[in-house]
Amino acid sequence: MEDLQFIKSDSCSSHDLTYEYVFENEFIFGGPRCFSLPNFTVTVFLIPNAIELSLDSIIDLENSVLGPYEGCVPPLTPPRLNHLLYYDTPLFDRQLLEMEALSNPRDLLTASRPLLYTSAVVGLAPDCDVTHLRTETSCVSRLKLAHTVLMTISVLSGFAGLITSRALYSYPYAIPTMSVTDVAVLSLAMATSVVSLLACATYNRASVSRVFTGFQEIDRTLLDDAPRVYRSTVATQVVQLCVVFSFLTLIFFYDNLLWYEGVLDRVVAVFAIYVVHTVNLVMVLQFVNLVTMLNHRTRRLNERLQSDEVFRDNPTAVKTVNGTSLDGNHVVFVQESVEINLSQASRLRVLRGVHDRLGDIARRINVAYGVQILFDVTASFVTLTTDVYFGVTFGEVISRSQQQGYGGTLDALLLSLCWIAMYVAKLTFVMGTCNASSALDKQTLILVQKMMLREDVQADVVAEAQMFAQQVYACRFKFSAWGFFSLSYSTLCGIAGAVTMYLVILLQFQQMTR
């Protein structure tokens, strides 16, 4: 077996990069094996039965990744790797490789595998090649689309079965107000999940994939500690998913024991609404995580603007490329850093380019999730209002329906409090992350304006900073629910006020009808 190494040719310049490939008859079995070369960190994985590529193809592949700089400004071009990478590996070896990738992720897609795999299960998977070992073929894309359509049909069928079951066993014995409200709440939740699935089946699939590509472009310029950031991303997503699915599982069993006492046909019917809640929560997790990634990159940009990096005497711009290539039986991950001397204005222009890419990502996220968030916030508002109202009045409601096997007042109140806590947490996370994004964008504008007030600033830097300030002012990071209202803490306070107002009205109306 041969070991593929990458070294920089002595004849290359800082702006025109060329590479030589050296093969050595030495390979340490068992992987991964990490070693260092000048300006390189190479990790080698052994994959049996891999399809061998020609050396010319590998050279063309790496040149497309590490290609020349333009105008001394590090490019923000994504690596074009996936179309040449294939494997034919036993399932056990693939699992070992993916476990290693999760514990030591090398890019944002690898770090986001927990959320992306969960999204694929519920039918919300984007067109992202999360394996990095073979491209997202049209066959795989069609399978994902078919699964999304199947999930949509399942949600609609389950909703019809649930309404039929409650119409037969619950609504005839409940007060009309409770029955109508329950239908409205279930319908809004179902509509949110159907809209999310249909959006994924149409425009969202490619849009979210472009968002991940944009983040990876920015990370190569902005993140000096990318491995640590990616490990943190994996841990955060795993914790989020564990909390969400643990909550839904516990509430599902508690709900069925309380209301239906384990009756099989009614348990199967009510399972549909938990599938709906799962789809909605995964969609919200996608949105919140993408906005959180945006906030983290914006915070890093602000740190660079605040750290006087632009005004250092011997500044360098570091370009880091994470690439993947295949040579016979080896999958090789290459991380390469190149230092280039840039002027102060050029370095500020690089940061301005990063902000421009962040603005593009923010707009893509807003377009991709605006309508889903609109439905979800509306459903959360209505559900919060009704749950709080029924939580206050459950004593009377349960006493009138005791003969139908309903649980006691305390159990019903506890279940309502659990749902209230879930919707409050969901709204807080959505509004909080979006509000933080706007605040960080305002901080960027303040830092750029302070930069122009420095005494040692050069004229070309002032001109670049003025254009930077105009760009930040024109391209604000603002998220909205499809343009109907902004996503911020002010909207969250408005929702809390509206819930309180409707609760007072409902309680007064209840007193009048007695």
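The expected span of a helix is 1.5 Å times one less than its number of residues. In this predicted model, helix H11 covers residues 459-474 and has 16 residues. From the first C-alpha of H11 to the last, the reach is 23 Å, close to the 22 Å expected at 1.5 Å a residue. The sides of H11 can be told apart by the exposure of their residues. Val 461, Glu 464, Ala 465, Phe 468, Ala 469, Gln 471 and Val 472 are buried in H11. Seen down the axis of H11, these buried residues fall within an arc of 160°, so they line one face of the helix. Ala 459, Gln 470, Tyr 473 and Ala 474 are on the other side of H11, where they are exposed.

The loop between H11 and helix H12 (489-513) contains Trp 482. Although Trp 482 is not a glycine, its phi is positive, at about 60°. Buried residues have under 20% relative accessible area, and exposed residues have over 50%. Trp 482 has a relative accessible area of 58% and is therefore exposed. A positive phi of about 60° is also found at Asp 308, which is not a glycine either. Asp 308 is placed in the loop between H8 and strand E5 (317-327). With a relative accessible area of 35%, Asp 308 is partly exposed.

Helix H4 spans residues 113-122 and is mostly covered, with seven of its 10 residues buried. The buried residues in H4 are Arg 113, Pro 114, Leu 115, Leu 116, Thr 118, Ser 119 and Val 122. Just after H4 comes Gly 123, which takes a positive phi of about 90°.

The UniProt record, an unreviewed entry, places the feature "transmembrane region" at residues 143-163, 183-203, 238-259, 271-294, 406-425 and 487-509. In the model, residues 271-294 are 100% helix and 0% strand, and the end C-alpha atoms of this span lie 35 Å apart. For residues 487-509, the end C-alpha atoms are 32 Å apart, and the span is 91% helix and 0% strand.

Rolling a probe the size of a water molecule over the atoms shows where empty space is left. The largest pocket has a volume of about 640 Å³. Helix H7 (226-259), helix H8 (264-306) and helix H10 (409-452) are the elements that give two or more residues to the lining of this pocket. In total, 24 residues line the largest pocket. H7 provides the largest share of the lining, 11 residues. By class, the lining consists of 13 nonpolar, eight polar and three charged residues. Gln 240, Leu 285, Val 288, Asn 289 and Phe 429 lie nearest the centre of the largest pocket.

Phe 429 is placed in helix H10. At 55% relative accessibility, Phe 429 counts as exposed. Phe 429 and Phe 287 are 142 residues apart in sequence, while the distance between their C-alpha atoms is 10.0 Å.

Two other pairs were examined in the same way. Thr 249 is part of helix H7, and with a relative accessible area of 40% Thr 249 is partly exposed. Between Thr 249 and Tyr 274 there are 8.9 Å in space, C-alpha to C-alpha, and the two are 25 residues apart in sequence. Arg 166 belongs to helix H5, which covers residues 138-169. The relative accessibility of Arg 166 is 13%, so this residue counts as buried. Arg 166 and Asp 182 are 16 residues apart along the chain, and their C-alpha atoms are separated by 9.7 Å.

Technical notes
Residues numbered from 1 in each chain as written. Predicted model: local features only at pLDDT ≥ 70, side-chain atom pairs only at ≥ 80, totals over all residues. Heavy atoms only, no water. UniProt positions renumbered as here; feature names shortened; annotations may be inferred. Helix = DSSP H or I, 4+ residues; strand = E, 2+ residues; numbered from the N terminus. 1 Å grid on protein atoms, 1.4 Å probe; cavity = no way out; pocket = protein on both sides within 12 Å on 5 of 7 lines; lining within 4 Å. Points joined across faces, edges and corners; volume = space filled by probe spheres on them. Nonpolar A, V, L, I, M, F, W, Y, C, P; charged D, E, K, R; others polar. Buried < 20%, exposed > 50% of the residue type's maximum accessible area, 1.4 Å probe, protein only. Arc of directions from axis to C-beta.
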